[in-house]
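Please examine the sequence and the fold shown below.

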Amino acid sequence: MMPVEADEITRRPRSSLRAGAPVEHFRNLPHLPELVKLRPQEEESGLRFLSRLRSSTTPEEAVTYTAFATVPTDAAGWGYECLRLMADYLQPQERYMMELIAAWLANPTTRQRHDIMREALWAPARGPSVLLGLAVGWSTGGPAPNDPEPVPLHKTPVAINAAVLSCLARVQLGQRSLYLARILDMAETLFRT
């Protein structure tokens, strides 16, 4: 067997989605069945289920499912892009957290992740960017250098869901469906890779 070179590994396509079909996600991911009422059908693909959620009477559940079905680091990136899309609805004090998250997404180090978590935990208010900061903090390991406890599977997706939906709630009612459509268009790209 030929050795695989490091740069060859990084060139391999990888999925942004967690392993398994939507039915398995509902069985294996805590809190998902409580937050999304529509159920996937056997053998239904993630993209097809996302489409059904999107066209349901509660399309916001498509945001929730995306947060859960996506690998935590990619879900954090998607959440960041969602908040960036709605940047006009973030408070000025939330911009610093967005800058920290952008730096982590560009170069995801453990130290940066811990710094983001510390900032998020001590933030005076829990706005959308702070919720996303918490998600980043839980995304790839313990929230602090001295915390050996594994992070529960639901922590990151619940925080991403809360970040995106709470920011969407700030949008004027007449514009909300437009922003939601753009957010779900970005979600579809995750399911297509």
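In this predicted model, the lining of the largest pocket draws at least two residues from H7 and at least two from helix H8 (110–121). The space in the largest pocket amounts to about 260 Å³. Its lining comprises 14 residues, and those closest to the centre of the pocket are Gln-93, Ala-123, Pro-124, Ala-125 and Val-130. By class, the lining is made up of seven nonpolar, four charged and three polar residues.

Helix H7, which spans residues 95–106, also packs against helix H6, residues 72–85. The axes of H6 and H7 lie 11 Å apart and form an angle of about 140°. Because angles over 145 degrees are needed to count as roughly antiparallel, H6 is classed as oblique to H7. The crossing of these two helices is left-handed. On the H6 side, the contact is made by Thr-73, Ala-76, Gly-77, Tyr-80, Leu-83 and Arg-84, while H7 contributes Met-98, Ile-101, Ala-102, Trp-104 and Leu-105. Eight residues of the contact of H6 with H7 are nonpolar, two are polar and one is charged.

Helix H6 packs against helix H11 (residues 173–192) as well, here at an angle of about 155° and with the axes 10 Å apart. Since the cut-off for roughly antiparallel is an angle over 145 degrees, H6 and H11 are roughly antiparallel to each other. Their crossing is right-handed. In this contact, Trp-78, Glu-81, Cys-82 and Leu-85 of H6 meet Tyr-179, Arg-182, Ile-183, Met-186, Ala-187 and Leu-190 of H11. The contact of H6 with H11 has eight nonpolar and two charged residues, and no polar ones.

A further partner of H6 is helix H10, residues 155–170. The angle between H6 and H10 is about 10°, and their axes are 10 Å apart. Angles under 35 degrees count as roughly parallel, so H6 is roughly parallel to H10. From H6, the residues in the contact are Pro-72, Ala-75, Ala-76, Trp-78, Gly-79, Cys-82 and Leu-83; from H10, they are Thr-156, Ile-160, Ala-163, Val-164 and Cys-167. The contact of H6 with H10 consists of 10 nonpolar and two polar residues, with no charged residues.

Technical notes: Residues numbered from 1 in each chain as written. Predicted model: local features only at pLDDT ≥ 70, side-chain atom pairs only at ≥ 80, totals over all residues. Heavy atoms only, no water. Axes fitted to C-alpha atoms, helices over the stretch in contact; angles between N-to-C directions. Helix = DSSP H or I, 4+ residues; strand = E, 2+ residues; numbered from the N terminus. Parallel < 35°, antiparallel > 145°, perpendicular 65-115°, else oblique. Left-handed = near helix turned anticlockwise from the far one by under 90°. Contact = heavy atoms within 4.5 Å. Nonpolar A, V, L, I, M, F, W, Y, C, P; charged D, E, K, R; others polar. 1 Å grid on protein atoms, 1.4 Å probe; cavity = no way out; pocket = protein on both sides within 12 Å on 5 of 7 lines; lining within 4 Å. Points joined across faces, edges and corners; volume = space filled by probe spheres on them.
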